[in-house]
Amino acid sequence: MSTSVKAADLSITIVVAILKMAGLGPEADRFLDAIEGAKNCINLIEDIKNETVSDPNKELIRSINNAVKGEIRSIKADLKGQRLGKDEIESTADVLIETTRLTVKQLAQDDDALLDAARLPDSFFKILVHRAEPLPDWCDDTISTLYRRLLKRVSEEFVARAQNFDRFGNVALASLLRDALLTKKQSNRIERGVQENREINLETNRVVKEDRATGLETNQIVKELVQRHPYSIPSRLIFGSRPDVVAEDRFIKRREQKQLNSLIADPTRGRTVLVGMRGCGKTQAAASLAKQCEDANWNLVAWLNAVSRESIQSDLVELAKKLKINTSDQPTPETIIRRCFDQLESEVPSDRLIVFDNVENIDDLRELVPRGSCLRVVATTTNNTGWEHQGWETIKVGVFDRDESIKYLLTVAASTDHDAAETLAHRLGDLPLALAQAAATAHNKDLSLTRYLDRLDSYRSERVIRPVPGDYYTEDAATALCMAIEEALENLEDRTKQAALRQLGALALLAESGVPTRWLDPTIEQQDNQELQGANKAEGEDAHDALTELIHKSIVQQSTDKATTMLHRLQAQVLRESWNEQDNKEALESAAALLRSVSINKFNRNATALRRRETLDLIEQLRAIGEQRHSQLLFTLRTITASLFQGFSHAHDLGLACAALTLEISANSLENTPALDPYERLKLHICLAQAYQAAGNLPKAIYRYRQVLEVCTRTFGKGDPRTLSCRNYLASAYQAAGNLPEAIYLYEQVLRDTPPIVGKYHPNTLNTRISLASAYQEVGDIHKAIDRYKQVCKDCIKVLGENHPETLRSRINLAYAYQEAGDVDKAISSYEQLLQDCTRILGQEHPHTLATRNNLASAYESAGHKAESISSYEQLLQDCTRTLGQEHPHTLATRNNLAHSYALAGDIPKALEHWLKTYADCLRILGPDHPLTATVRENLEAARRELERKEEDSAAE
C-alpha cells in the first residue's frame with residue numbers, strides 16, 4: 001500500500017470514530033455513508049494494486065493480506081530493535097511484502113491448496129513453503145527466516161477460511177468427480193496391461209517373491225523386461241565419478257552389503273551411513289550399490305565427493321545443472337542447491353540414489369542433504385559421531401568375517417589351500433584392503449598362499465615396518481601393503497621404476513582426493529595434440545608405462561572418467577610410514593617437481609577455459625597441502641614458493657579471487673619457513689591483499705597493503721622499486737574504495753619518487769600513469785585524463801607492444817574517457833575494435849574483455865540504443881557471475897548498470913528488482929559508505945518514487 005493510501009485509510013478511521021463519539025444522530029448517517037464510499041475507494045485502490053479488481057478471490061486475498069500487514073509491522077519493530085538502519089529495514093520489508101503478495105494471489109486461485117488446507121490443516125504450512133513464490137536470489141538466511149514467519153501467518157489465515165470460502169464446495173465436488181474418473185481410467189489401463197503382459201507380470205512376481213529381502217537384485221530383471229517392452233522407460237541421469245566395482249569373480253557379498261541393499265530397497269528409509277575404518281570397504285559397498293541402481297535403470301544415481309563442505313556444494317551445483325535447474329537469473333550456489341532440492345522433493349516418486357563419499361564430519365552435510373519420495377541417500381565416513389541423532393540409519397562396516405576372508409583369498413589367488421588362507425586372513429586382521437593387496441600379489445607373482453606367508457615373514461624380518469596407528473590394524477596388514485608396492489615395482493625397468501616411485505611419492509603427499517592424471521602422465525593430454533619430442537618424449541613414455549603398471553597392479557585408483565588418479569588413503573599412510581629419511585626427501589622433491597611442472601602459460605592467453613582449469617587444479621593442490629599435516633614439509637622447499645606465486649598470479653589475472661583466498665592457510669604455512677626471503681614474505685601479503693581487493697573486501701586489502709608499505713619503506717627506502725610498487729597497490733585500493741584524493745596523492749608520489757634510471761617507460765611506471773589518469777577521470781578532470789591516456793597509450797604500444805594487457809587497459813580507459821566527455825560515437829567505435837582485440841588476445845572471459853563489454857553496453861545506452869544495451873548487460877551479468885563470482889564488485893556494478901538500462905527503457909519493476917538485490921549485496925559486501933552503495937541507493941530511491949507515482953496515477957484514472 002502506498003503512503004498516500006495508508007494516510008487516507010487512517011484519516012477515514014479517525015473521522016468515523018469522531019462522528020460516532022459526537023452522537024449527531026440521523027444527520028451523521030449521510031456522513032457515514034459518504035465515508036463508507038471513500039472506504040470502498042480505498043479498497044478498490046488496494047485491489048488495483050493487487051490486480052484483483054474482478055477477481056472472485058479478492059475477499060480472501062484481502063483478508064490474508066491484512067494478516068500479513070500486521071505481521072510486517074511486527075517484523076519491522078523487531079528489526080528496529082536489532083538496530084538495523086532504516087534503509088535496510090525498508091528494503092527487507094519491501095521484498096517480503098512483494099513476494100508474499102504474489103504467493104497469496106497464487107494461493108487463492110489454487111484449487112488443490114483449498115483441498116489441502118481442509119484435509120491436512122496441520123501439514124499445510126509445510127505444503128505452502130514448497131509452493132510459495134521464491135524470494136529473489138540475493139536474500140540471505142535472515143530474510144528467508146522472516147519469509148517463513150510470514151508464510152506461517154498466511155497458512156494460519158488460509159486454513160481458518162478455506163472451508164468457509166464460497167467456492168470450496170464446488171472445488172471439493174469437482175475433485176471427487178476427477179478422482180472417480182481417474183480411478184476408472186487407471187483400472188481400465190491396468191486391465192489392458194494385465195491382458196497384454198500376463199507372462200511378464202508372472203515372471204516379475206515370481207522373482208520378487210523369491211528375492212524380496214534383497215529387492216535391488218530384482219531391478220536387473222525389471223531392466224531386462226523393460227528393454228523387451230520399452231514403452232515406459234524413464235529419463236535417467238548418472239552423475240559423478242563413481243569408483244569401479246571389483247570384478248565379479250573377486251566380489252564378496254558381505255552381510256553389510258545385503259543389509260544396505262535391504263534398506264535401500266525400502267523407499268521409506270531415506271538416509272543410510274556406512275561407518276568404518278579406512279580400508280574396510282565402505283566406498284566399495286556404496287559403489288556396488290550404485291552400480292546395481294544404474295543397472296536397474298533408476299532415474300537418478302549421483303556420486304558426490306564429500307571430503308569437504310566446499311566440494312559437496314560444488315558437486316551439488318553441477319548436479320543441479322545436469323537436472324536442468326533454471327539458472328538463467330544467475331542465482332547464487334546456495335539458491336541453485338535450494339532449487340535442486342525443491343525439484344527432487346516435488347518430483348513424482350521414482351527410484352533415486354545420492355551417495356556422499358568420504359564425509360569427514362557430519363557438520364559438512366548441514367542443509368546439504370536433499371529429501372524426496374523414493375530418494376535414498378547414502379554416506380560413507382570414518383567418523384561415527386552425531387549420525388544417530390540426525391535421522392541416519394547406521395551400518396557399521398567392519399572387516400571381513402573369517403569365511404569371507406578365506407573365500408576371497410582362495411578365489412583371487414586361485415588356491416585351494418584353506419589352512420594357509422585362514423592363517424593369512426588372521427594375520428591381516430581380515431582387513432579387506434590388505435587382503436586385496438595380498439591376494440593380488442600372490443596372483444601376480446604366481447605364489448601359493450603358503451609361499452606368500454613365507455615371503456611375508458621374510459619381508460618383515462628384513463625391513464622396519466611401522467604398524468598403522470589404531471587398535472584394529474595388525475602389523476602384517478602394513479607389511480602386506482608395502483609388499484604390494486614393492487612387487488609392483490620389482491620387474492620394471494630402471495627409468496620406469498623411478499618414474500613410478502616419483503608418482504607414488506607425489507600421490508602420498510599431495511591432495512588425498514587425488515591429482516590430475518594429465519600431470520602424472522603427460523602423454524594423455526599433450527598441448528595442441530602434438531607428439532612429445534626429445535627427452536620430454538622419453539620421460540613422458542616412462543611416466544605412462546609407470547602409471548599403467550601401478551593401475552594394473554591395483555596400487556593406485558582412478559575416477560571413472562580417468563581424469564583424477566589417487567592413492568588409497570590407508571595405502572598412502574602406510575607408504576609414508578615406511579619411508580626412511582632419504583625416501584622422504586625424494587618424495588618431497590617428487591611432489592614439488594610435479595607442481596613445478598604445472599605451467600598455466602603453456603596455454604594461449606585466449607584459452608581461458610583451459611587456463612582456469614589448470615589454475616583451479618593447482619590452487620586445489622596448494623590448498624590441500626596447506627591443510628594436511630603430513631604435507632607441511634613441502635613448504636620448506638623453494639619450488640613450492642614459485643607454485644604458490646603462480647597460483648596467486650593467474651587467479652588474479654583470471655578473476656578467481658575467491659579461489660585465491662583459499663590459499664591463505666598455505667601462505668601462512670609458507671611464511672613460517674626459511675624458504676622465503678624477506679621480500680617474498682611481503683609479496684605473499686601483497687598477493688592476499690590483491691585477492692581481498694578483487695573479492696571486494698577493501699578494508700582488509702587496505703590494512704594489508706599499509707602494513708607491507710610500512711615494512712618496505714623501513715627496510716628498502718621510499719625510492720626502492722619494491723616500495724614504489726607497494727605504494728601503487730595501496731593507491732589502487734584507495735581508488736577502489738572511493739578515496740580519490742588519497743589515491744591521486746599516492747600515485748603522484750610514486751611518479752615523483754621513481755628514480756631517473758627507471759624512467760617513465762618502465763612497465764611499473766606505465767601502470768602507475770594509467771592508474772593516475774583513471775583517478776583524474778573519476779574525480780571529474782576528464783580533459784586532463786584524456787591527455788594522459790593518449791600519451792600513455794603511445795608509450796605502451798612503443799614499449800610493451802599492441803597486444804600487451806597494459807596496452808589494452810590504457811585503450812579501454814581512453815575509450816571510456818571519450819564516452820564521459822560526450823564523444824559517444826568515437827567511444828563506441830573504440831570499444832568495438834577493442835572487444836575484437838581483447839577477445840582475440842585474452843579470451844572471452846578475461847577481466848579486460850568483460851570490462852570492454854561493460855563499457856560498450858554503457859556506450860550503447862548513452863547513444864539511445866536501449867535494446868542493444870539491455871541485451872549486452874544481461875549477457876555480461878551472466879558471464880561476470882560465472883567468471884568473477886556473485887559478490888565481485890564488477891558483478892555488482894554490472895547489475896546496477898543493467899537495472900539502469902531497464903529504468904531508461906521504462907521497465908521500472910524490473911529495474912527495481914535488480915536494484916534491491918544490488919543494494920543489499922553492496923551493504924553487506926562493500927559497506928554503506930562505498931560509492932557504489934551510495935549510487936545504488938540513490939537509484940533505488942528514485943525507482944521507488946517513480947513506481948509510487950505510477951501507482952497513484954493508475955489509481956486516479
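I started at helix α13 (residues 309–322), which lies across β1, β3 and β4 and runs at about 155° to β3. For angles I used lines fitted to C-alpha atoms, for helices over the stretch in contact, from 0 to 180 degrees between N-to-C directions. Helices (H or I, at least four residues) and strands (E, at least two) are DSSP runs, numbered from the N terminus.

I noted that this is a predicted model, where local features need pLDDT of at least 70, side-chain atom pairs count only at pLDDT 80 or more, and totals for chains, interfaces and linings use all residues. Residues are numbered from 1 along each chain as its sequence is written, and side-chain values use heavy atoms, leaving out hydrogens and water.

Next I looked up the sheet. It is open, with six parallel strands in the order β1-β3-β4-β5-β2-β6. Its edge strands are β1 (237–239) and β6 (393–396). The twist averages 15° from one strand to the next. I checked β2 (residues 271–275) against β6: they pair over four bridges (pairing needs at least two DSSP bridges). V275 has K396 as its bridge partner in β6. Helix α12 (residues 282–295) also packs on the sheet, touching β1, β2, β3, β4 and β5.

Key. Contact = heavy atoms within 4.5 Å.
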